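Here is a quick tour of the model on your screen. Have the sequence and the 3D view open side by side as you read.

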There are 2 protein chains.
Amino acid sequence: MGGSVKDQLGRIQVEIGACPAVILVNPQLGENIGAAARAMLNFGLIDLRLVAPRDGWPNPASEATAAGATNLLNDAKVFETTAEAVADLSFLLAATARRRELEIPVIGTGEVGAALHAHEQGGTKTGILFGPEKAGLKNEDVVLCNHILTYPINPAFHSLNLAQAVGVFGYIWKSAEGTAPPPAFDTEPSEAACREDLVRMFEHLEDELDKAGFFFPEAKKELMSRNIRAPFTRANMTEQEVRTFRGIIKALAKGRGKAR
Amino acid sequence: MGGSVKDQLGRIQVEIGACPAVILVNPQLGENIGAAARAMLNFGLIDLRLVAPRDGWPNPASEATAAGATNLLNDAKVFETTAEAVADLSFLLAATARRRELEIPVIGTGEVGAALHAHEQGGTKTGILFGPEKAGLKNEDVVLCNHILTYPINPAFHSLNLAQAVGVFGYIWKSAEGTAPPPAFDTEPSEAACREDLVRMFEHLEDELDKAGFFFPEAKKELMSRNIRAPFTRANMTEQEVRTFRGIIKALAKGRGKAR
């Protein structure tokens, strides 16, 4: 996708066409349009299009729920028909939970993100249709689409809020962006305690426990020691944490109220 | 996870414990609590817990946005503290977008779903904390968690609506259903210590350290306490290991040679 830059007001500017257009077909409540705009911007989607919103446009009811994503509302393009709204798009999805008799192939939630990015990188403009609250998309809109996208939803409670549906799509799209695996730990390798420090901590602890008569009977000492060490090893402690625990052992071993 | 059936009223019935608990810590707006409940039920999550909701509970403002998920609101459990709310859970996530100085490992959005299902299949109760609107989770809550979960969010507009955050989590969990359990867990899920046992261990340790004059100066106690708790939380301790460490604390605190 295209790069994003910030303008002088710190607002994010992304080249239109580098992200999917979100097309809300006949949305009813301004609050939902605003909340959808907020969810879009959360995940870096900025191309909002409205097809014949019920209460007209602009709609003041959309502002509070947009929570700062007002640029998206101001820049929203309004169309009379779905066909006009999607005219420039070449890869189009229909978000719908309803089973259709249409021969439009379903695309899996696990593959749609990569498909969108591949199209965008190839210069293809992409988009997704969301239908009105309650009624959902009409078949005539769905047949404009390359694929149907359906979320894995609870069949007994399948009516997703419009802005929720947009937000989940945003997550799906954004999370498919050039995915490198996250580091397993926040801990910087350089901060991690070396084995030597860890073993010294174990020996310090076990020495004090010996003096306290903790290892009883003696025959069980080896097993008990393993059980003590395992969780500390798993914890991937930092140098600082090892120092802290050395202090703890010292403080406790000195007996109550005698640390200073 | 356990199967879901409908009762005679058509309400969905899922065995509690078969899905993650969603814990909203100090939620402010009833509307957001209702919308979160709706999003939960959309994805089959039914265990809603509230920690000290700002406007009390029940809250009539939550009903309209719940849009039929009123059972979840009626069944919501209310707690005064986060520790109480998560007492029975053994695998706990913190949903947060903020970078933390805490040594709690991040878990990737691509792996967290499978990890949750693996724990649930092993009989481990799981959950996720969401902080209040605007402020987010406090560090003292995050250190109770095995992992931090962060969505791939637009850094220039990262404040996600509370219900949106819950909905995306629901999607992540539900869409990972039926994926192969990851082999990477050292701890047998069924043996994992619950948060209540862990918190009691922390309190026991910190109580003895207090008596030993360890927390000096007093102003640093909170930070020191967090640094002590983080590696224990990361260690994914078993019940047996927690018992062992309670014994260790007791033995050391008694002073040398006086354990028996």
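## Two domains in chain A

The centres of domain 1 and domain 2 of chain A, taken over C-alpha atoms, sit 55 Å apart. Domain 1 covers 4-175 and domain 2 covers 189-253, with bounds that come from an automatic or database domain assignment.

A word on the ground rules: this is a predicted model, where local features need pLDDT of at least 70, side-chain atom pairs count only at pLDDT 80 or more, and totals for chains, interfaces and linings use all residues. Residues are numbered from 1 along each chain as its sequence is written, while chains are lettered from A and ligands numbered from 1 in the order in which they are written.

Take a look at β3(A), residues 21-25. Helices (H or I, at least four residues) and strands (E, at least two) are DSSP runs, numbered from the N terminus. Five of the five residues of β3(A) are buried, so the strand is largely enclosed by the rest of the structure. Buried means 20 or more other C-beta atoms within 10 Å of a residue's own, exposed means 12 or fewer, and partly exposed is in between, with C-beta atoms placed from the backbone. Ala21(A), Ile23(A) and Val25(A) are on one side of the strand, with Val22(A) and Leu24(A) on the other.

β3(A) runs parallel to β4(A) (residues 47-51), joined by five bridges, and Leu24(A) stands opposite Leu50(A) there. Four bridges link β3(A) to β8(A) (residues 126-130), also in parallel, and Val22(A) has Ile128(A) as its bridge partner. Strands pair if DSSP finds at least two bridges between them. β3(A), helix α1(A) (residues 30-42) and β4(A) form a right-handed β-α-β unit: with the strands pointing away from the viewer, the path from the first strand over the helix to the second runs clockwise.

## Where chain B meets chain A

The contact involves 62 residues from chain B and 64 residues from chain A, counting residues whose C-beta atoms, placed from the backbone, lie within 7 Å. On the chain B side, α10(B) gives the largest share, nine residues.

Lys254(A) comes in the segment after α10(A) (239-253). Lys254(A) is partly exposed, with 19 other C-beta atoms within 10 Å. Glu208(A) is 46 residues away from Lys254(A) in sequence, yet 9.7 Å away in space, C-alpha to C-alpha.

Conventions: Two residues are in contact if their C-beta atoms, placed from the backbone, lie within 7 Å.
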